[in-house]
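Hi there,

Here is the structure I promised to pass on. Have a look at it first, and my notes follow below.

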Amino acid sequence: DERPLTGVEVEQAAQLLSWSRADLLQAVNGLSEAELDQTFPGERWSIRGILKHVGGAEWWYLHRLNLTRLVRADVPADAFERLDVVRAELEQRLPELIGMERMTRPDGECWSPRKLIRRAIVHELDHIGHIYRLLISSFPG
């Protein structure tokens, strides 16, 4: 995680983030408000809650490296707006990560630009699968 990111790696990360966001939005495309807010036994969040969590996590990752200009209070409450606003912030910051040798240790955990990108990509992919599992479980039979 300590090795600085190259321009190619940041470009690849931007593409992966773009594809995963398209997949996330496709997963929820056409769901009604009731379906977005449906709760599931044993689950922490509704689908809308998962979307809010994904957007909030990306803000948190940026905050770990002191890279966000958004203060927590300015992160939108609406799930879809949050996804858009925080992703725009992340995309805006990506070029700054090229060659950056910053390592931080908030709360004793080591963070680097490489870790930020990896966590953002993997986290979103994980929750895309999570949403599909919830959708499949809600179909009878």
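A word on burial before anything else: buried means under 20% relative accessible area, exposed means over 50%, and partly exposed lies in between (1.4 Å probe, protein chains only). At 7% relative accessibility, His 127 therefore counts as buried.

Please keep in mind that this is a predicted model, in which local features need pLDDT of at least 70, side-chain atom pairs count only at pLDDT 80 or more, and totals for chains, interfaces and linings use all residues. Residues are numbered from 1 along each chain as its sequence is written, and side-chain values use heavy atoms, with hydrogens and water left out.

The pLDDT (the predictor's confidence in each residue, from 0 to 100) averages 95 over the protein, and 99% of the residues score at least 70.

Back to His 127, which is found in helix 5; helices here are DSSP runs of H or I with at least four residues, numbered from the N terminus. Beyond its neighbours within four places in sequence, His 127 is in contact (heavy atoms within 4.5 Å) with Trp 45, Ile 50, His 53 and Val 54.

Now the helix packing. The axes of helix 3 (residues 47–64) and helix 5 come within 10 Å and cross at roughly 175°. Axes are lines fitted to C-alpha atoms, for helices over the stretch in contact, and angles run from 0 to 180 degrees between N-to-C directions. Helix 3 and helix 5 are therefore roughly antiparallel to each other (over 145 degrees; under 35 is roughly parallel, 65 to 115 roughly perpendicular, the rest oblique). Their contact includes Ile 50, His 53 and Val 54 of helix 3 and His 127 of helix 5. By class, this contact has 12 nonpolar, 4 polar and 3 charged residues. Nonpolar covers Ala, Val, Leu, Ile, Met, Phe, Trp, Tyr, Cys and Pro, charged covers Asp, Glu, Lys and Arg, and the others, Gly among them, are polar.

Helix 1 (residues 7–28) also packs against helix 5 (residues 113–137), at an angle of about 20° and with the axes 10 Å apart. That makes helix 1 roughly parallel to helix 5. The residues of this contact divide into 14 nonpolar, 2 polar and 5 charged.

Finally, Val 10 sits in helix 1 and, at 5% relative accessibility, counts as buried. The C-alpha atoms of Val 10 and Ile 98 are separated by 6.7 Å, although the two residues are 88 apart along the chain.

Best wishes

Technical notes
Helix = DSSP H or I, 4+ residues; strand = E, 2+ residues; numbered from the N terminus.
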